[in-house]
Amino acid sequence: VGNKSPINLRVVKALGIRGYDYLRISVISNIIASDLPKCESQATYNPLRCPSTSAVACYSATSSIPWECFETSEAANLVGCPWTPTPLGGYYTGTCSFGDPAPEDTTGDDIAWGYQSGFHQRWTQYRLQTAVVAVPAGEAKTFSIKGHSVTIKYPKQYEGTVGLLIADPCVAADNYCIYTRPYGIKSALQRVINGLAAKEMDYWMNVGDLWYDQVGTRTGGFFAGLDLNALTKIHGVTVGNHDYWVGGHADVKSILDSYGNGQMQWYAQDAVSARMNEKEPFDFSIGAGSMKEAASSNFFWYNMVGNVAFIGFSNAYSWGEQSAYFAEACEWVGTTDAPLVVLLGHWNSADMGCPAGEDTPDVYAQIKQFPGCDNLGSRLKYVMGHDHCNEITQANTGFKLGAFGMSGCAQFGIPILDTRNGRARLLYFPLGEGGAKLSSYDTVLNCLADSGVDACQQHADVWMDEALAPSPAPGPSPS
């Protein structure tokens, strides 16, 4: 995993209640056959839905295990055994194991990994190592990870920041991602992320429908084009309907769907699911074999980057299931005096798996009742996708940023949130309209990728520009 980078690194802000100067640092790697334990006998399969006569030796490069064997069993946590789709469903192929792979060699790593495991439920060709680490803000700190020197630096609390905001990115052309190829979405985003990371970018946020990926290959392919410096930047994600059901709705769900399981492990956010036990950062209580969405706690998080506080959530759950999380997040927001607070939720409307009242504009309105969010006034904003348009939906407050290759408004552009110099500015760099590149496409893309935001502001449309409240003095960093 990771062609431009020697390791597939993930850096996210830790959950807000842990304190500002903490990060969750993770590494994703591929599982290879030599890592896998050998099954002792075919009897391993007998408790499943398939009769023993259909079981095959699992430690075989040619094994083919019908998917219905694992449809409703927790034993479907196969490691290193990808789905092969067929018109009638699919089956597992390749080298399979019911156990976790052999532990990866951590000799020389500066991070004591709190959790090390092959992916569970879905995307089981990958392995995750992750830990919450104290990293003083504003200082370049170098770690040795997998034999490589990795330097991480992120803004001090209340410093101004620059971040990229995107939703619904399509990187593989098909009948739905019809603007992927005309706009060169994949290479353009890779160039922008790598280029801005070398200049001003402090973070990037993906607001759902993450590459429209069912089995992890599109995601892995996109991240393979990011360099190590880009991977050291803070990355936050929320999930959308296509992350649960690749067809976009529970009405067309498939046993092959991720139900959020692959995504929550790949992006390794420090969500509320991780706050109680560092050794168990995910809640796997709702197995993908049940064809139900993974627990909501895996997708709810809140943290702060510089002078911006973020609340990230999934709209796929009821208000009753998540209201306590929103109350917790708002209480924390109230302790930060954040000059800007941004709510990140994928759905812009209650449809395709989003219950009534749970779309992002409605949640924005509802959280203003909670202490900590009830006095934010114009400091509270929201960003969403789902409807594949890039537009202002509420002046200086709400923004839809979902036109990145999918059918819809046929736009393409680069949205940048800049909170430096005492102002909150949302800059939109247009690159395409009506399914065709603008004449300025190459000029703007090259400018951003090669020179950064500051050198290219003449190409931006200003979608928001307002003064920020003065920031309080930051507290001491952890020793």
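1. Helices here are DSSP runs of type H or I with at least four residues, numbered from the N terminus. Just after helix α9, Gly 452 adopts a positive phi of about 90 degrees. Please keep in mind throughout that the model is predicted.

2. Helix α9 spans residues 441-451, and helix α2 spans residues 185-197. The axes of the two helices come within 7 Å and cross at roughly 35 degrees. On the α2 side, the contact involves Ala 188, Arg 191, Val 192, Gly 195 and Leu 196. On the α9 side, these meet Tyr 441, Leu 445, Asn 446, Leu 448, Ala 449 and Asp 450. Sorted by class, the contact of α2 with α9 comprises 7 nonpolar, 2 polar and 2 charged residues.

3. Which residues of α9 are buried? They are Tyr 441, Val 444, Leu 445, Cys 447, Leu 448 and Ala 449. The cover over the buried residues of α9 includes helices α1 (180-183) and α2, together with strands β19 (412-418), β20 (423-433) and β21 (436-437).

4. Cys 447 of α9 is also joined by a disulfide to Cys 456, with an S to S distance of 1.9 Å. The torsion about this S-S bond is about -105 degrees, so the disulfide of Cys 447 and Cys 456 is left-handed. Cys 447 has 13% relative accessibility and therefore counts as buried. Cys 456, at 0% relative accessibility, likewise counts as buried.

5. The crossing of α7 and α8 is right-handed. Trp 319, Phe 326 and Cys 330 of α7 make the contact with Val 363, Gln 366 and Ile 367 of α8. Of the residues in the contact of α7 with α8, 5 are nonpolar, 1 is polar and none is charged.

6. Cys 330, one of the contact residues of α7, is joined by a disulfide to Cys 373 (S to S 2.1 Å). This pair links distant parts of the chain: Cys 330 belongs to helix α7, whereas Cys 373 lies in the loop between α8 and β16 (380-384), 43 residues apart. With a torsion of about -95 degrees about the S-S bond, the disulfide of Cys 330 and Cys 373 is left-handed. Why does Cys 330 count as buried? Its relative accessible area is 0%, and the cut-off for buried is under 20%. Cys 373 counts as buried as well, because its relative accessibility is 2%.

7. A disulfide is also formed by Cys 170 and Cys 177, whose sulfur atoms are 2.0 Å apart. The torsion about the S-S bond of Cys 170 and Cys 177 is about -50 degrees, so this disulfide too is left-handed. Cys 170 counts as buried at 0% relative accessibility, and Cys 177 counts as buried at 3%.

8. How many disulfides are there? With a disulfide taken as a pair of cysteine sulfur atoms within 2.5 Å, the count comes to 4 disulfides. A further cysteine to note is Cys 354, which counts as buried at 6% relative accessibility.

Key:
Residues are numbered from 1 along each chain as its sequence is written. This is a predicted model: local features need pLDDT of at least 70, side-chain atom pairs count only at pLDDT 80 or more; totals for chains, interfaces and linings use all residues. Side-chain values use heavy atoms; hydrogens and water are left out. A crossing is left-handed if the near helix is turned anticlockwise from the far one by less than a right angle, and right-handed if clockwise. Contact means heavy atoms within 4.5 Å. Ala, Val, Leu, Ile, Met, Phe, Trp, Tyr, Cys and Pro count as nonpolar, Asp, Glu, Lys and Arg as charged, and the others, Gly among them, as polar. Buried means under 20% relative accessible area, exposed over 50%, partly exposed in between (1.4 Å probe, protein chains only). Axes are lines fitted to C-alpha atoms, for helices over the stretch in contact, and angles run from 0 to 180 degrees between N-to-C directions.
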